[in-house]
Amino acid sequence: MQNDIHLKTKISALPKIELHIHLEGCISLSTLKFLAKKNGIEIPKHLAEKENIYFENFDEFVSTFYAICNAIGEEEDFKFIVRDLVDYIRRNNIIYTEVSWTPLRYLQKGFDFAKSMDVMNNEIAFNNLSDTVYFIIDTQRDHGTDVGNFVFNKVLETKNNNIVGIGMTGYELGYSSSDYAEIYERMRDNGYGCTAHAGEYGFANNIWQCLLDLKVKRIGHGIKAASNPDLINYIRENNIHLEISPTSNVRLRRVENFAAHPIKNFMDIDLNIGINSDDPGIFNTDLNDEYMNMIDAFNIDIKKLKQCNLNAANAAFTSSEKKQTLIDTLERNWN
Ligand SMILES: [Zn+2]
């Protein structure tokens with residue numbers, strides 16, 4: 001126990017990089033209750049209680065996520081969520097993060113994209129984190145390519161907003177990622193990094209579509225690659241980065257428990273992976289907890305956790321100079 005406390009203190013103090021985290025997923029229970037009250041929204045009972053929530057299927061998770069979105073009534077409300085994000089970053093000693101935001105639902109209710117980004121970035125700047133927090137703008141695969149174009153055009157129309165990449169969430173089964181090939185190409189040509197959730201609810205085929213047709217170098221989750229040796233070989237040979245989120249996979253019942261997670265096998269064969277929390281507010285977890293859970297489940301050597309951070313630094317959608325600065329910080333502190 002003493003060792004655990006000592007180790008947790010050490011892990012908490014070490015600088016970390018996180019590439020897979022959703023803005024609304026960072027919301028604290030108190031902020032959610034505050035925003036719901038402010039905007040006259042009732043939040044679902046299971047969110048209001050918010051002990052360790054499990055989701056039996058993706059519909060349940062999506063409706064929970066939308067319940068949080070519904071509590072956000074105007075652009076200014078994002079400042080409160082960013083404050084939770086700031087607390088999270090400080091608690092977990094995160095030196096660089098790319099935060100995903102899925103704007104469609106807000107744009108549909110009349111929010112201004114640029115104004116929303118300004119609210120977020122002003123709060124981030126106020127907290128001196130403009131060199132730490134960057135954004136990935138997501139579309140949902142099941143919403144179709146017209147929506148994808150609509151959302152990503154907003155990205156192209158606004159400047160100086162700390163947006164470094166695009167991503168794709170939403171349902172995998174029954175929706176082809178390949179339909180988005182042109183959109184991804186256009187955004188890549190405009191200098192944006194590209195990632196996509198795949199192989200979470202879907203299968204190896206869904207990952208292949210993203211790698212071969214969207215030509216992404218990063219995959220959100222990707223855990224279903226574990227069942228396909230050809231795909232694992234491709235991922236290794238092409239240095240594809242997998243944004244692994246163990247707690248999310250357990251809570252959404254993608255794996256039975258931490259011990260059943262493929263992350264240990266991925267580490268053993270030196271796959272390019274990082275550790276993330278996905279939606280720490282919803283799952284009531286922290287990035288520090290993710291590291292401790294992996295140590296508890298697999299007795300993972302701290303050197304492997306360092307490597308996950310180096311992998312994330314190299315996979316970040318940022319300049320080579322910035323990557324080197326991050327790597328230098330990691331090397332100085334993780335020893
Ligand atoms: Zn995610």
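Colleague: How should I read the burial of strand β5 (residues 193-198), and how many of its residues are buried?

Modeller: A residue is called buried if 20 or more other C-beta atoms, placed from the backbone, lie within 10 Å of its own, exposed if 12 or fewer do, and partly exposed in between. Strands (E, at least two residues) and helices (H or I, at least four) are DSSP runs, numbered from the N terminus. By that count β5 is mostly covered, with six of its six residues buried. Keep in mind that this is a predicted model, in which local features need pLDDT of at least 70 and side-chain atom pairs count only at pLDDT 80 or more, whereas totals for chains, interfaces and linings use all residues. Residues are numbered from 1 along each chain as its sequence is written.

Colleague: Which residues of β5 point one way, and which the other way?

Modeller: In a regular strand the side chains alternate between the two faces of the sheet. Here Gly193, Thr195 and His197 point one way from β5, while Cys194, Ala196 and Ala198 point the other way, and the residues of both groups are buried.

Colleague: Which strands does β5 pair with, and in what sense?

Modeller: Two strands count as paired if DSSP finds at least two bridges between them. β4 (163-169) and β5 pair in the parallel sense over two bridges, and cysteine 194 in β5 is the bridge partner of isoleucine 166. Four bridges join β5 to strand β6 (residues 218-221), again running parallel, with histidine 197 standing opposite glycine 220 of β6.

Colleague: What handedness do the crossovers on either side of β5 have?

Modeller: A crossover is right-handed if, with the strands pointing away from the viewer, the path from the first strand over the helix to the second runs clockwise. β4, helix α9 (residues 181-189) and β5 make a right-handed β-α-β unit, and β5, helix α10 (residues 204-212) and β6 make a right-handed one as well.

Colleague: In what order do the strands of the whole sheet stand, and which are at the edges?

Modeller: Eight strands form an open sheet with parallel pairing, in the order β1-β2-β3-β4-β5-β6-β7-β8. Because β1 (16-22) and β8 (273-275) stand at the edges with a single partner strand each, one side of each is left without a neighbour in the sheet. Seven of the eight residues of β2 are buried, so β2 is largely enclosed by the rest of the structure.

Colleague: Is leucine 7 buried or partly exposed?

Modeller: Leucine 7, found in helix α1 (residues 2-13), is partly exposed, since 15 other C-beta atoms lie within 10 Å. The C-alpha atoms of leucine 7 and isoleucine 302 are separated by 9.9 Å, although these residues are 295 residues apart along the chain.

Definitions and conventions: Two residues are in contact if their C-beta atoms, placed from the backbone, lie within 7 Å. Axes are lines fitted to C-alpha atoms, for helices over the stretch in contact, and angles run from 0 to 180 degrees between N-to-C directions.
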